[in-house]
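Please look over the model shown here with its sequence.

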Amino acid sequence: MSRLAWASLVVVLAAVGIGVYWNYDGFDPETIRGATVVITGCSTGIGEEMAYQYARLGAKILITARRENRLKEVVAKAMSLGAQEAHYVAGDMGKAEDCERTIQIAKEKFGRLDYLVLNHDGSNVKNLHEYFGTKSWDEDPDMDFFVDYLNINVVGYVRLASLALPLLKESKGHLIAVNALLGKVPFPKLSWGVTVKFALDGFFSSLRVELKKAGHDVSVTLPILGFIRTPAAEKIAQKTEQGREMLKMSVPVDETARAIIRGGATRAREVYIPVSLCWTLTKLRAIFPAFVDNYFIDVEL
């Protein structure tokens, strides 16, 4: 065999080895069986699917959202799929009392907490599905909406995490704060959403370091989501030709939920979904920020 052939073989084997290394995370589904899990934002989309995925793995779950009728349906289906227990709390995670009630009920029902999955996203002022990507901030500087959105999606996340930390420290548990590519890369006409996601990245990344420094064995995982094929995303994407093209490259909800659950269970620092888009743009902006910013000037969602 020639030197060129040997070199080619070495390159191929190295590539295969790297691929196996990156894809092997040591996930054992049995570690989820019997685990206690709180998931927010479970009336639809990724949150709903995560409830079903945890149920199939035999977890004990408590889910939250504002729509009680939907929560009842999700709980019933979760039980049929194999959840050891399934409970719900109907509430607004922008209200301190509802956050406190959620963690207190989890403590009463389970006696411990292994996973806190923060996933909710919403507003009491505007329909996000209609507002998403429609106007730049200078066209519509709606401060009432902005304050409400920050309260629900930043303060709510921080409050729930803070309330749950004593339980997570006891169980050496897992904290998952679902984030997005918007938390790494600025998008036009989404300054309100980008603000929230950058804030989540900053707070939970800092919290991870603080917990390690204090010697607490609580993992903090940040899933970085790109375009996921949720019902809401499909509705938004149909508005433009570029959106319809993006939809073809979107990631299914069930695949996304599984990746988030695996990442949390294996104590991953970040999980990129899809890897090709989110990992690449995140790293590229860290090195060439102006290039990435200029690229997104022409993006229409």
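The report below takes up a helix pair, then individual residues.

This is a predicted model, in which local features need pLDDT of at least 70 and side-chain atom pairs count only at pLDDT 80 or more, while totals for chains, interfaces and linings use all residues. Residues are numbered from 1 along each chain as its sequence is written, and side-chain values use heavy atoms, with hydrogens and water left out.

Helices here are DSSP runs of H or I with at least four residues, numbered from the N terminus. The axes of H2 (residues 45-56) and H10 (residues 253-265) come within 9 Å and cross at roughly 65°, where axes are lines fitted to C-alpha atoms over the stretch in contact and angles run from 0 to 180 degrees between N-to-C directions. This crossing of H2 and H10 is right-handed, that is, the near helix is turned clockwise from the far one by less than a right angle. Contact means heavy atoms within 4.5 Å; on the H2 side the residues involved include Ile 46, Met 50 and Tyr 54, and they belong to a set that meets H10 residues including Val 253, Ala 257 and Ile 261.

The structure holds zero disulfides, a disulfide being a pair of cysteine sulfur atoms within 2.5 Å.

| Residue | Relative accessible area | Class |
|---|---|---|
| Cys 99 | 0% | buried |
| Cys 278 | 0% | buried |
| Ser 171 | 16% | buried |

Ser 171 lies in helix H6 (residues 143-171), and, leaving aside neighbours within four places in sequence, Ser 171 is in contact with Arg 112, Leu 113 and Asp 114.

Definitions and conventions: Helices (H or I, at least four residues) and strands (E, at least two) are DSSP runs, numbered from the N terminus. Buried means under 20% relative accessible area, exposed over 50%, partly exposed in between (1.4 Å probe, protein chains only).
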